[in-house]
Amino acid sequence: MTKVWRVVIIDSHPTSMLGTKLILEEREELRVTGMASTWDEGLMLVTEQKPELVLLDYQMPEGTAESLLERIKHGSPDSHVLILTDTDGIKLLHSIVNLGGSGILSKQASAAQLMLMIDGLREGLAMLPMDWLKNGIWQVQPAVVDGALYHLTETEIFIMERIVQGITYDKIAMEISVSRRSIDNYLRKIYVKLGVSTRAQAIEKFALTTRQKSPVFS
């Protein structure tokens, strides 16, 4: 008998969530057990239910998915997390996979494409769009300095680029639609990844990165 996968959907758009729920529940082996429109609600559902699959909107009012993805995988390590995005998924792939994500799918994808990706996950396979292969997905690499991989996410790279340019934390927070406190949280993670303890050290090391190798995300 086919195992029923429990699914939690985290999306700030109720209409979109309902549409996805209806699509998923056309399949007997999928059951939507929770829907949330905020990070806190979504994390609580995932931590309590530990579903087999989480569908996570990449861009939420609280920020981009990377930060929540880390917390989801901490609270429910075995859950597959599939990111749904309007942005260029190929540029997000490395950071999402490094954080424990199982795949990325465009919000413009068809219901059939969504089901194919879920079926692949059920069989232990990752599905990638053909155009990603044609565009040379192997050429997309994380930021590198002296051969060490720092695995900075797209958002972390953007924040560091703006800091190097002298932009204030408050303005950066406005630009990416997060709170000032969220910028502090991002910086703590950046410092750990770069192996530094001060803003000046982070700027110096990040500047070295950009001199030695062009950033992944432009």
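Let me start with M127, which is placed in the loop between α5 and α6 (130-134). What I am showing is a predicted model, and I will come back to its confidence values at the end. M127 counts as partly exposed, because its relative accessibility is 34%. Together with L116 and L125, M127 makes a nonpolar surface patch of about 280 Å².

From the surface I would like to go inward. In soluble globular proteins, nonpolar side chains tend to be buried together. In this model the largest nonpolar core has 24 residues, and the members that touch the most others are I10, L56, I72 and I83. Two or more residues of this core come from each of β1 (5-10), α2 (39-49), β3 (53-57), α3 (65-75), β6 and α4. Taking L56 as an example, and leaving aside residues up to four places away in sequence, its contacts are I10, A65, L68, I72, V81, L82, I83 and L84. Apart from this core lies another one of 20 residues, which includes L152, I167, Y169 and L187.

Beyond four places in sequence, S76 touches V46, K50 and P51.

Now to the charged side chains, where the count comes to 13 salt bridges. Side chains of opposite charge can pair when their charged atoms come close.

The next pair is K107 and D86, whose closest N and O atoms are 3.9 Å apart in their salt bridge. This pair links distant parts of the chain, with K107 in the loop between β7 (103-106) and α5 (111-122) and D86 in the loop between β6 (80-85) and α4 (89-98), 21 residues apart. K107 is partly exposed at 32% relative accessibility, whereas D86, with a relative accessible area of 53%, is exposed.

In the case of R162 and E175, the salt bridge is 2.4 Å from N to O. R162 is buried at a relative accessible area of 17%, and E175 is partly exposed at 32% relative accessibility. Finally, a network of salt bridges links K3, R6 and E52.

Let me close with confidence. The mean pLDDT of the chain is 84, and 87% of its residues reach 70 or more. Which stretches should we treat with caution? Over residues 143-148 the pLDDT stays under 50, and the model has 14 contacts for them beyond four places in sequence. Residues 212-218 also have pLDDT below 50, with 19 contacts in the model beyond near neighbours in sequence. Where pLDDT is low, the predicted coordinates should not be read in detail.

Terms used. Residues numbered from 1 in each chain as written. Predicted model: local features only at pLDDT ≥ 70, side-chain atom pairs only at ≥ 80, totals over all residues. Heavy atoms only, no water. Salt bridge = Lys/Arg side-chain N within 4 Å of Asp/Glu carboxyl O. Helix = DSSP H or I, 4+ residues; strand = E, 2+ residues; numbered from the N terminus. Buried < 20%, exposed > 50% of the residue type's maximum accessible area, 1.4 Å probe, protein only. Patch = residues over 30% accessible without salt bridge, like charges linked within 9 Å, V, L, I, M, F, W, Y side chains within 5 Å. Areas by Shrake-Rupley, 256 points an atom, 1.4 Å probe, with all protein chains shown as cover. Core = buried A, V, L, I, M, F, W, Y, C linked by side-chain atoms within 4.5 Å. Contact = heavy atoms within 4.5 Å. pLDDT = per-residue confidence, 0-100.
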